[in-house]
Amino acid sequence: MTTDPLATYLAYGQRSLAPAPIGDAESRFVGAPANLHERIAARIEQLRPRLHEFAVDLYHHPELGFEEHRSVQKIAELLAEEGVDTEVGVFGLPTAFVASAGSDLGDGPHFAIIAEYDALPGVGHACGHNVISGVAIGAFLALRDVVAETGGRVSLIGTPAEEGGGGKELIIRAGGFDGVDAAGMVHPSVGHEVSPIYGSGTTGVRRIRVAYHGRAAHAAGSPYLGLNALDAVVTAYQGIAQLRQHILPIDRIHGVITNGGSAANVVPELTEAHILVRSSEIDTLKILTQRVVDILEAAALATGTRAEIDLDAEPAYLPLANNIALTKHWARHLTSQGRTVPLKPKVVRHGGPSTDMGNVSQYIPAIHPALGLGGDGSVVPHNAGFADITILPEALDALVDAATALGSAAADYLADAELRAAVTAEFEARGGRVRWED
């Protein structure tokens, strides 16, 4: 198959030539009464020592995706201390959980606060998921105390395996977000950075694993009898490298050869590679993926080998679409904590990381702002030193501020019907509910 991206790339070019619409930072919606926000802030401040203890505990006991049994147990224990029942092992995932409070009638608005708690191999909580779950717990417990006065419902949904495995997408497929009207979480960032109201997003990512099957032969005595699987994987890698100059600035491709053969005097009969394909829009992600697959298949044809391509062995992560109407309320309440939220990015950023929160944001209105944990900004996430930053006093201050702003933004959503209508209208105008299968 030959994929010509012309039509898709021309359409992207027309979109990118038009300046992104930037409004102001202020929301015209009142939100929840001021006394509710005061009580949310006071409750989270009261929880400060316990949330710090929790974040430190997870720092010392990191667990990989789908193996976060101890972490979930600690979350359930903390919630139980506050009189909250937690259902663990939901949505077909042993380390997923849900806890809820508020209206049981099903006719009120429903906001989900999202927790992540998986760590990275070798570097522990170097992405700060111990802080993410601390923020989520604090926001949920504070909102639980006032949710009845909003007429709505709040859930804390624990989502495993964000670093690889796509727990949120698996929960979506299991119906875990059905009946949820909007969702939010907060991600740690470097230094004192705060994500902007406009222009903050992530790339989508798809994972491709390829194995080339050739035929072994003596590399000196009878190389002509072999079909070289190493030639196939090297040809594929070089083809992808040549593709990079002809892709969009919002695209990224990176990969490694994980098996290059076993012995120099044997024509390799099996080689393998792992490739990540990223893009900031769904249609361009699909096009780029097919272009890479074309190259993988062409490498097999060129070398007489057979390509075994495993596409999306883990769920695809979709680009993040922050809901601006709701983000403005996060910004309003974070500003009240003495922090500054920029209106737009300082520079136009292409590429970047991915998160399965993107899948949630394509399914229901959602926000995923970022807040720096302190320090001089020289240590970035996925570096082992970033895990150490997550338990410093400045990081705890960020946790408390983030939990307060998230809980208050959720309270605004639940209490203000006009805000909810604006959030929904923005979501629908962007295209409404999108599933990868669509």
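Partly exposed means a relative accessible area between the buried limit, under 20%, and the exposed limit, over 50%. Keep that in mind for the opening stops in this predicted model.

**Stop 1: two loops**

Select Phe91. Phe91 sits in the loop that links β1 (87-88) to β2 (97-102). Its phi is positive, about 60 degrees, although Phe91 is not a glycine. Is Phe91 buried, partly exposed or exposed? Its relative accessible area is 24%, so Phe91 counts as partly exposed.

Now select Ala161. Look in the loop between β4 (153-158) and α5 (167-173). Ala161 is another residue other than glycine with a positive phi, near 60 degrees. Ala161 has a relative accessible area of 0%, so it is buried.

**Stop 2: the sheet**

Next, colour β8, β9, β7 and β10. These 4 strands form an open sheet, in the order β8-β9-β7-β10, with antiparallel pairing. Which strands are at the edges? They are β8 (251-259) and β10 (306-311), each pairing on one side only. From one strand to the next, the twist averages 20 degrees.

Zoom in on β8 and β9 (residues 270-279). The two pair in the antiparallel sense over 8 bridges.

**Stop 3**

Select helix α6, residues 229-243. Helix α6 lies across β7 (204-213), β8 and β9. Its direction is at about 15 degrees to β9.

Finish with helix α7, residues 282-303. Which strands does α7 lie across? They are β7, β8, β9 and β10. Helix α7 runs at about 10 degrees to β7.

How values were computed: Residues numbered from 1 in each chain as written. Predicted model: local features only at pLDDT ≥ 70, side-chain atom pairs only at ≥ 80, totals over all residues. Heavy atoms only, no water. Buried < 20%, exposed > 50% of the residue type's maximum accessible area, 1.4 Å probe, protein only. Pairing = 2+ DSSP bridges. Axes fitted to C-alpha atoms, helices over the stretch in contact; angles between N-to-C directions. Contact = heavy atoms within 4.5 Å.
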